[in-house]
Amino acid sequence: MSRFFATGSDSESEESSSADEITPKAPGTTFKQSLLLSDDEEDTKRVVRSAKDKRFEELTNLIKTIRNAMKIRDMAKCLEEFEQLCRAFLKSKNIVDKEGVPPFYIRLLADLEDYLNQLWEDKEGKKKMNKNNAKALSTLRQKIRKYNRDYETEIAAYKENPQESADEEEEKEPEDSGASSESEAEDGDEGVSAKAFLKKKPEAAPEASKFLKSAKGSGDESTSSDEDDDEDWGSDTVDSGSESSDEGEGKSASLAVVFLKKTHDADKSSEKKLGKKKKPKKKERLEEEAEEEGGEEVEGGWEKVKGGVPLVKEKPKMFAKGTEINTAVVVKKLNEILQARGKKGTDRAAQIELLHALAAIAAENNLGQGILVKIKFNIIASLYDYNPNLAAFMKADMWKKCLDCIDELLDILFENNNIFIGENIAEDSENLGVSDQPFRVRGCVLTLVERMDEEFTKIMQNTDPHSQEYVDNLKDEGRVCGIIDRLLTYLENKGSTEEICRVYLRRIMHTYYKFDYKAHRRSLGLQGESKSEQDQEESEGEDSAVIMDRLCKFIYAKDRTDRIRTCAILCHIYHHALHSRWYQARDLMLMSHLQDNIQHADPPVQILYNRTMVQLGICAFRQGMIKDAHNALLDIQSSGRAKELLGQGLLMRNMQERNAEQEKIEKRRQVPFHMHINLELLECVYLVSAMLLEIPYMAAHEFDARRRMISKQFHHQLRVGERQPLLGPPESMREHVVAASKAMKMGDWRTCHSFIINEKMNSKVWDLFPETQRVREMLVRKIQEESLRTYLFTYSSVYDSISMETLSEMFELEIPTVHSIISKMIINEELMASLDQPTQTVVMHRTEPTSLQNMALQLAEKLGSLVENNERVFDLKQGVYGGYFNRDQKGGYQQKQSYQRDQKGSYQQKQQGYQRGGYRNQNQGNY
Amino acid sequence: KEQRKENHKSVAGGMKNTAALILLFLFSQVVLKIIKHYQEEGQGSEVVQGVLLGLVVDDRLEITNCFPFPQHTEDDADFDEVQYQMEMMRSLRHVNIDHLHVGWYQSTYYGSFVSRALLDSQFSYQHAIEESVVLIYDPIKTAQGSLSLKAYRLTPKLMEICKEKDFTPEGLKKANIGFEHMFEEVPIVIKNSHLINVLLWELEDKSTVADKHELLNLSSSNHLEKSLQLLMDRVDDMSQDIVKYNTYSRNLSKQQQQKHQYLQRRQQENAQRQSRGEPPLPEEDINKMFKPPQPPPRMDTLLIAGQINNYCQNVKEFTSQNLGKLFMAEALQGHN
């Protein structure tokens with residue numbers, strides 16, 4: 001039906017533009033009502049007509065199939081169709097009551113009976129029939145005999161004069177197919193309504209009323225017609241305009257849009273014709289209606305409006321020419337428009353257009369900024385409303401429009417200091433018109449901007465990140481930021497603290513993930529200054545760090561909702577970490593105690609937390625704090641779901657576990673691509689830190705049966721590497737790390753170095769860091785140090801003593817460094833040796849426990865647990881009285897597992913665990 | 001088994017009171033045969049087994065001959081061991097060798113022989129032939145220079161339990177059996193015929209000093225490590241068993257409590273009913289309502305304990321010997 005309203009509005013607006021006498025319609029009534037109540041007689045009549053048309057068409061269609069079936073003697077089909085026909089006929093009973101039994105129906109009944117009788121007589125033919133058909137024939141015959149008893153007179157009449165009735169029907173049929181011809185014919189005698197209404201109104205009224213009552217989308221009318229429409233549609237598109245339009249009307253709005261395109265042209269042409277014809281004849285009421293429709297009910301006519309741009313331009317004449325346009329009128333109009341908002345059949349695009357037009361009128365007539373602001377609010381709101389589905393995202397032009405609108409709105413707000421806006425200003429206490437008092441407008445810019453921000457995220461989520469389109473969309477980010485900035489300045493003057501907090505958070509959200517190259521360059525010693533004018537310009541302005549600091553601190557101080565503060569803290573940490581301010585970031589993380597209760601937060605905050613932890617880990621890595629890096633990344637990386645945890649994509653294997661609904665929700669949580677953290681970088685950082693920790697540890701605990709893994713994932717990679725039957729040169733990042741680990745195991749730092757830092761790895765990973773060179777240097781040094789440790793662990797049993805000079809040469813480390821590393825190992829009791837100062841040698845003590853001793857230790861441990869278990873049995877018998885085994889000692893056994901538990905615990909705990917001493921220390925202390 | 005029984009009865013008809021064997025005379029030829037059997041067929045942790053033949057004289061058992069069970073592989077599954085034994089014994093009888101079945105022998109790997117399989121087969125032997133023994137040969141210790149042969153029998157107590165097949169905790173408790181009382185060792189005396197003694201004397205004169213001094217070998221860690229490893233495994237098993245038992249007894253006591261509560265409630269109710277003059281509630285089958293949990297068989301635990309004990313003895317013996325050797329070595333070094 002939508003199409004018809006659209007056409008109606010188009011043609012009508014043409015008229016209204018040319019018409020002089022337009023009465024402003026009575027205010028107060030809603031549109032739909034006025035539409036319905038506009039003309040009773042006409043309405044009823046229309047209803048009958050339209051329903052009749054539809055019913056009759058249904059019937060004729062059925063009849064056609066029956067006749068076809070008759071021709072091919074398909075009795076089963078015939079029976080089926082006949083039953084359907086009876087049902088359909090019954091349904092249209094009220095119409096039939098009014099109109100009388102349609103002649104074509106009678107004709108069919110008569111023909112069918114004759115035909116059946118004929119078949120019945122034809123014994124031979126009957127014998128030939130298959131069983132199904134024969135059965136159907138007898139049933140059908142009985143049925144029709146019974147059925148026809150009701151129509152005896154009509155049939156008799158028909159039989160007397162078959163010709164006439166047939167003609168009648170043939171008349172009817174061309175009518176159906178030739179819309180324009182019919183319409184012209186009717187145009188003449190209908191007088192009251194233009195032809196457009198003939199088709200449009202009849203359908204529109206019932207449909208509209210249906211929607212109004214919000215009865216289930218479509219009543220039987222539309223469903224019944226839908227059924228066969230759906231079948232017919234594909235082939236029938238060539239049909240005349242009127243038929244297709246009939247069908248179109250039956251469709252729900254969305255379907256209408258789909259089919260619109262097909263019939264579009266045909267409709268248009270016929271409509272144009274109609275429009276021309278109508279012109280001379282019009283009635284005031286009619287125009288008014290038309291106008292209302294134009295205003296309200298341009299449902300699904302979206303395409304249409306676009307197509308007919310010139311028409312649209314003329315349309316916005318919403319007020320009669322003579323009316324004095326003042327605030328009250330405009331507000332009223334606005335309310336009228338808004339009333340349709342959210343209703344099912346409302347055409348949202350047209351509504352936006354209308355609101356725009358209204359804004360233009362308001363501006364033209366200088367109605368003051370108050371009203372303009374009000375209208376703008378509504379425009380933006382309806383722009384957001386345009387997509388009924390939460391998952392769908394804005395189209396590019398809508399988005400642009402939205403941005404423009406918000407910009408304009410902010411312009412107005414900035415220019416006019418006397419406008420007060422707020423959510424809590426009641427509708428009736430608004431002051432839109434009186435300009436000497438401050439304007440008071442209901443609405444909240446902040447919400448609008450927040451929504452805009454969300455829309456932006458949605459657009460980015462739904463764009464292919466590798467396309468040019470994404471880049472184009474991303475360019476809008478600047479504008480979004482600009483708007484947020486402007487809003488920020490505005491709210492800083494006018495808003496409440498909560499609002500400021502909210503807008504600050506928005507600002508933070510747009511800042512925290514961006515690396516501040518300006519500040520970076522500046523910190524490197526202002527080299528960029530001499531380069532060019534532009535650079536200089538760029539380097540002006542606040543550092544993002546300063547901004548972040550200011551905004552976050554404000555939030556920490558003022559925010560009362562926990563969520564905003566949590567987000568702000570996380571973003572702050574992220575920003576610190578991104579700019580390698582490790583200690584600030586870490587302290588903030590530890591002080592906030594976020595790790596304790598982050599699992600209670602909502603998923604987006606958790607994703608942010610994960611992102612922050614990852615960034616923190618990467619930061620620690622850059623700073624050379626391998627342990628911290630490993631610990632920070634462990635949680636994310638060990639699950640093997642880093643992608644999911646960071647909100648950077650869905651895992652395929654979970655497909656069975658979640659349904660479509662969950663998937664949608666998860667998709668909505670995804671972080672836009674430009675904010676992603678490179679997963680390969682993340683994994684590489686993790687694996688390299690694991691390697692630097694694990695390889696010396698493995699070397700130190702080679703014979704320890706109870707040794708634990710520091711990183712399961714790393715071990716997994718090693719195992720995968722070992723399983724390879726044929727080892728080629730490493731290709732992927734992982735293979736590189738595995739190969740490097742193997743080299744390191746042998747204490748061969750040079751090979752290890754060449755595996756970790758080479759062109760391939762540079763391009764894959766290391767070049768992604770802002771301070772590549774520094775990171776690489778750090779890495780080389782770490783590799784040297786850890787290789788030295790590994791070497792000492794692995795080969796200490798071979799040496800009686802070893803000169804530090806040799807070691808320093810071997811690992812290209814300065815002697816003091818070697819000295820300090822070895823000293824540390826000795827202090828931690830990792831290396832049983834002592835330093836001989838005068839000769840600069842390490843003297844091995846050879847007190848490593850033999851494997852037998854190790855075994856004995858293990859046995860002792862096992863026996864301990866055995867005794868403990870035994871004691872439990874004993875407890876059960878004797879009741880708990882401590883037993884003979886000291887409880888403290890029991891604790892000692894449990895403590896041994898503390899290393900593992902430390903890792904699982906929060907980040908903070910882990911830190912303490914590490915600071916307590918080397919792994920070895922912990923393990924040995926308990927024996 | 002029937003056959004064996006008959007054999008036994010027919011030959012040792014006069015010795016009903018053989019329950020307590022005091023001594024076991026082992027002929028050296030049996031020892032050599034066993035060693036040879038192991039060296040030919042057994043390696044590593046694989047175990048060889050065979051049949052001991054001999055006769056009972058007064059309160060001592062004389063084992064005069066033996067023959068191995070053939071190593072049979074998977075493919076000849078239809079190999080009939082009993083048939084083979086009968087054949088062997090018949091053949092031996094033909095050449096006038098003692099053909100009475102008096103037990104069986106088995107090699108062992110680091111002293112691990114206390115197992116369910118051994119228990120079962122020894123039980124069936126002892127059940128059929130009262131005085132039968134199992135001879136355990138430890139090739140590893142033997143290789144180190146000291147022949148290790150031990151003869152074991154099941155104690156009468158254990159025989160009782162096995163007969164009743166009652167391995168529940170209560171059953172074992174009632175029998176009051178610990179791992180110490182499962183097996184009794186029978187002292188072995190190796191006996192040579194005079195002819196062999198003469199030969200040995202002659203050989204001793206002829207031969208130079210033995211080249212090999214395995215007995216004095218000092219490197220001990222390998223043996224100890226193996227023993228420890230095995231010991232550790234058994235300790236693990238033991239731990240598991242204890243945990244299992246623990247769970248069982250906890251469940252049991254919990255259920256007992258429930259049962260008790262239920263009974264009390266029922267009693268109260270009945271008392272009330274009686275006071276009101278109503279008939280008491282019918283007694284339901286309480287055991288049906290509270291099915292006691294399946295008690296874990298404790299025999300395995302017992303065996304493991306026995307095995308652990310065995311390992312410990314082994315290690316103890318070994319270490320004390322080694323300590324002695326070490327002291328000797330020290331003294332030697334000091335002397336030099």
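Predicted model: local features only at pLDDT ≥ 70, side-chain atom pairs only at ≥ 80, totals over all residues.
**Aromatic pairs**

I looked up the ring pairs and found 20 of them over all chains. I then picked out A:F621 and A:W766, which form a stacked pair with 5.9 Å centre to centre and 10° between the planes. This pair links distant parts of the chain, the two residues being 145 residues apart. I placed A:F621 in helix α32 (residues 603-622) of chain A, and A:W766 in the loop between α40 (759-764) and α41 (772-795) of chain A. I checked the burial of both A:F621 and A:W766, and both are buried.

Next I turned to A:Y791 and A:Y795, a tilted pair with 5.0 Å centre to centre and 50° between the planes. They are separated by about one helical turn because they are four residues apart in helix α41 of chain A. A:Y791 has a relative accessible area of 12%, so I noted this residue as buried. For A:Y795 I found a relative accessible area of 24%, so this residue is partly exposed. I also saw that ring pairs link A:Y791, A:Y795, A:Y799 and A:F811 into a cluster.

**A sheet in chain B**

I traced an open sheet of eight strands in chain B, with the order β7-β6-β5-β4-β2-β3-β1-β8 and mixed pairing. Its edge strands are β7 (183-186) and β8 (188-191) of chain B, each of which pairs on one side only. Direction ignored, neighbouring strands of this sheet are turned by 35° against each other on average.

Within the sheet order I looked at β1 (residues 23-27) and β3 (residues 60-68) of chain B, which pair in the parallel sense over four bridges. I looked up the partner of B:F25 in β3(B) and found B:E62 across the bridge.

Methods:
Residues numbered from 1 in each chain as written. Chains lettered and ligands numbered in written order. Heavy atoms only, no water. Phe/Tyr/Trp six-rings, centres within 6.5 Å; stacked < 30°, edge-to-face > 60°. Buried < 20%, exposed > 50% of the residue type's maximum accessible area, 1.4 Å probe, protein only. Pairing = 2+ DSSP bridges. Axes fitted to C-alpha atoms, helices over the stretch in contact; angles between N-to-C directions.
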